[in-house]
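Welcome! Here is a short tour for anyone opening this structure for the first time. Take a look at the display, then read on.

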Amino acid sequence: MKKAFFLSTYLLLALITHAENGYQLWLRYNTINDKQLLNQYLNSISGIQFDGKTPTLNAAKEELINGLQGLLGKKIIVQREFSNNSIVAGTPASSNIIASLQLKQQLQEAGKEGFIITTAKSNQKNIIAIASNTDAGVLYGVFHFLRLLQTNQNIQHVSLISFPKIQLRILNHWDNLNRTVERGYAGFSIWDWHKLPGYIDKRYIDYARSNASVGINGTVLTNVNANALVLTKTYLEKVKALADAFRPYGIKVYLTARFSSPIELGKLKTADPLDPEVQEWWKQKVNEIFSYIPDFGGFLVKANSEGQPGPQNYARTHADGANMLAEAVSPHGGIVMWRAFVYSNETPDDRAKQAYNEFKPLDGKFKKNVLVQVKNGPIDFQPREPFHPLFGAMPQTPLMMEYQLTQEYLGQSNHLVYEAPMFKECQDADTYVKGKGSTVAKVIDGTLEGHDLSGMAGVANIGNDINWTGHPFAQSNWYTLGRLAWDHTLSAEQIADEWIKQTFTNNSRFVNPVKSMMLASRDIMVSYMTPLGLHHIMGTGHHYGPAPWTNRSARADWNPIYYHKADSSGIGFDRTATGSNALAQYAPAVRKQYENVNTCPEEYLLWFHHVRWDHKMTSGRTLWDELCYKYNVGVDSVRWMQKKWNEQKTYVDNDRFEQVKMLLTIQEKEAVWWRNACLLYFQTYSKNPIPAQYEKPDQTLEYYHALLFPFAPGNG
Ligand code: GCW
């Protein structure tokens, strides 16, 4: 009796405190601990029947076996003949059973990558079918089926169809060949170029599995600030090795193309895109790439931006540059993703306007296999930006979304910030270009203008940290990219819910409070960093911490003072007709709402207006008092998150509990830092006191000024 008691206590403890390092991400297949549910699953699943032997089907089969064995805590039998309650997976081509089911119509709807999971009857036996037209679709279906179990869904009457709304679902790695990662906060690059092609790190496979589990089907391996060397034979052999490792998981490899490569590698005198020799050089180079990687995806290009070479060096347009590369990859089925992130210091105009000014006139000039990749907002991945005015402004060009998963301006890997609410805010924004309901989501999924090509990219937050992303919760942002690109109608709440359940536990006492933290986290961060439409007031270079006072950067548009424009009368960037008139780039309905200081949503107030310090906000407070209020709410809310997390100790393994706890402590300190530094600095203009009810800054402005971070990560 006593022994049994000890034993069960031990098992319980082992269950609760079982060390986890986060490496498994959301693909943890721990045995389901709800006994009733487990029994139900065990009764509904007798084994699997899985014909077909392609690398992708093998990967799917292996995942299904491992997943089920873990989740059900029993050995899974791969059956030759199916029996009652078998799971049967495959395509009509790989499986006679799948072919014999009445699924034709649904399969047609599922398209190339979609899948069906349904109960069915075959030969008088009840089965669960996972069916798709393609092997990759079967793999996605398998992962989805496992997700149903991981999130404790009832599968007894399962009947669902799922297919991606967006075609290209891609991670952009800003990884350099020396393994540093630009804006990477999770260690070094996971690509071990030096050991490639000979050594295939198991991480590559787990990376591919994790991507496939959320439907990500492409990866750009290298930094957009590109190094031409990756296009040389030595590196192409390494790229090939990665492509071979990822292929079974449905993941295509893309590279960044340095525009001056014909000069640097080809010893040509020019990289002019209209020069026949240059065009020929790229054609040959592309042929070479495809000889290594027959399903190579194509190029991602940053040109004439922040010092990168591009067609404008030769007085050509972005379209000329993109089309030259598009022509080279087109015979092989490749594509070009040409970035719209351009702005120039020489242009005296508002930086927020420049991408639109340069790209809008090029609409209709790009070849069919070019997408223009646009960041969600017009400046640069700030905590909050209005949607980019290019969305809706280039009806003849497929526009691809670029989100940033790595939290360059969002607390890097120190802060718990769940990005789905931010992405949804952008996607749900109405461009009004074709009347009400012309959302950004419809622009990027191609439905607004009837484009076949569509894409969504996320700048990866992955590094060689044992848990991949540095902050355990940053994994959720990687997860989100895949899920949203697959189905942008999923809510931030749904995504958080499934991620938490897979990554931690299904226990609602954990799920609910943690979900509430995640859902609030982005607004909390905005409050203590850049409330009311403030933006770009972070430290120069490394972008870590506040530095609204900075006015000495080499370029005007790298200085925070360029963006907040605080003076004795007020604060904010006037982007109405009396100022830069960036608002003119939006449709009249959007413009109308934003141009009036009284109807402009307050979260964008200082983005679009220079506002007097004594302006009355809807709360009744003056602008200055509102700013003080917001910064303090931000700090208080981080403390609220800390409290919530501390209550979770019993539901989470000790390692991850402690990690998050320590990180929240850092986040609280940094929130206080942001609040104090910003309020002290803006106070030198407003000349108003910080209202008595709030904590007083415990350091001087000079103290914050003097802080230096010479080795902050991610800064090259
Ligand atoms: O936000 C800026 C980053 C740069 C980055 C650039 C871009 C890759 O600070 O590090 O360069 O955006 O998106 O091209």
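Between which strand and which helix does the loop with proline 197 lie? Proline 197 sits in the loop that links strand 6 (168-172) and helix 7 (202-213). Please keep in mind that this is a predicted model. The points below visit the ligand, a group of strands, the cysteines and some backbone details.

**Around the ligand**
- The ligand is surrounded by 15 residues, and the closest are Glu182, Lys302, Arg339, Asp380 and Glu408.
- Sorted by class, this shell holds eight charged, four nonpolar and three polar residues.
- Lysine 302 has a side-chain N or O atom 2.6 Å from an oxygen atom of the ligand.
- For arginine 339, an N or O atom of the side chain is 2.7 Å from a ligand oxygen atom.
- Arginine 183 also takes part, with a polar side-chain atom 2.9 Å from an oxygen atom of the ligand.
- On its own the ligand would expose 340 Å², and the protein buries 97% of that area.

**Strand 3 and its partners**
- Strand 3 (residues 115-122) has six of its eight residues buried, so the rest of the structure largely encloses this strand.
- Strand 4 (residues 125-131) runs antiparallel to strand 3, and seven bridges join the two.
- Within that pairing, threonine 118 has alanine 129 of strand 4 as its bridge partner.
- Strand 3 and strand 4 form a hairpin with two residues between the strands, where asparagine 123 takes a positive phi near 50°.
- Strand 5 (residues 159-162) also pairs with strand 3 in the antiparallel sense, over four bridges.
- Here isoleucine 116 stands opposite isoleucine 161 of strand 5.
- As background, side chains in a regular strand alternate between the two faces of the sheet.

**Cysteines**
- How many disulfides does a search of the whole structure find? The search finds zero.
- Cysteine 600 is in no disulfide, and the nearest cysteine sulfur, in cysteine 426, is 16 Å away.
- Cysteine 600 counts as buried because its relative accessibility is 4%.

**Backbone details**
- As a guide to this part, most peptide bonds are trans, and most residues other than glycine have a negative phi.
- The peptide bond from leucine 196 to proline 197 is cis, with omega near 0°.
- Asparagine 85 is not a glycine, yet has a positive phi of about 70°.
- You can find asparagine 85 in the loop between helix 3 (55-72) and strand 2 (86-90), and its relative accessibility of 23% makes it partly exposed.
- Histidine 543, also not a glycine, has a positive phi of about 65°.
- Histidine 543 belongs to the loop between helix 17 (508-529) and helix 18 (560-564), and counts as buried with a relative accessible area of 13%.

**A contact across the sequence**
- Glutamine 475 lies in helix 15 (residues 475-486).
- Is glutamine 475 buried or exposed? With 2% relative accessibility, glutamine 475 counts as buried.
- Although 453 residues separate glutamine 475 and glycine 22 in sequence, their C-alpha atoms are 9.0 Å apart in space.

How values were computed:
Residues are numbered from 1 along each chain as its sequence is written. This is a predicted model: local features need pLDDT of at least 70, side-chain atom pairs count only at pLDDT 80 or more; totals for chains, interfaces and linings use all residues. Side-chain values use heavy atoms; hydrogens and water are left out. A residue is near a molecule or strand if one of its heavy atoms lies within 4 Å of it. A polar contact is a pair of N or O atoms within 3.5 Å; within protein, one must be able to donate a hydrogen and the other to accept it, and residues adjacent in sequence count only if both atoms are side-chain atoms. Accessible areas come from the Shrake-Rupley method with a 1.4 Å probe; for residues, only the protein chains shown count as cover. Ala, Val, Leu, Ile, Met, Phe, Trp, Tyr, Cys and Pro count as nonpolar, Asp, Glu, Lys and Arg as charged, and the others, Gly among them, as polar. A disulfide is a pair of cysteine sulfur atoms within 2.5 Å. Buried means under 20% relative accessible area, exposed over 50%, partly exposed in between (1.4 Å probe, protein chains only). Two strands pair if DSSP finds at least two bridges between them.
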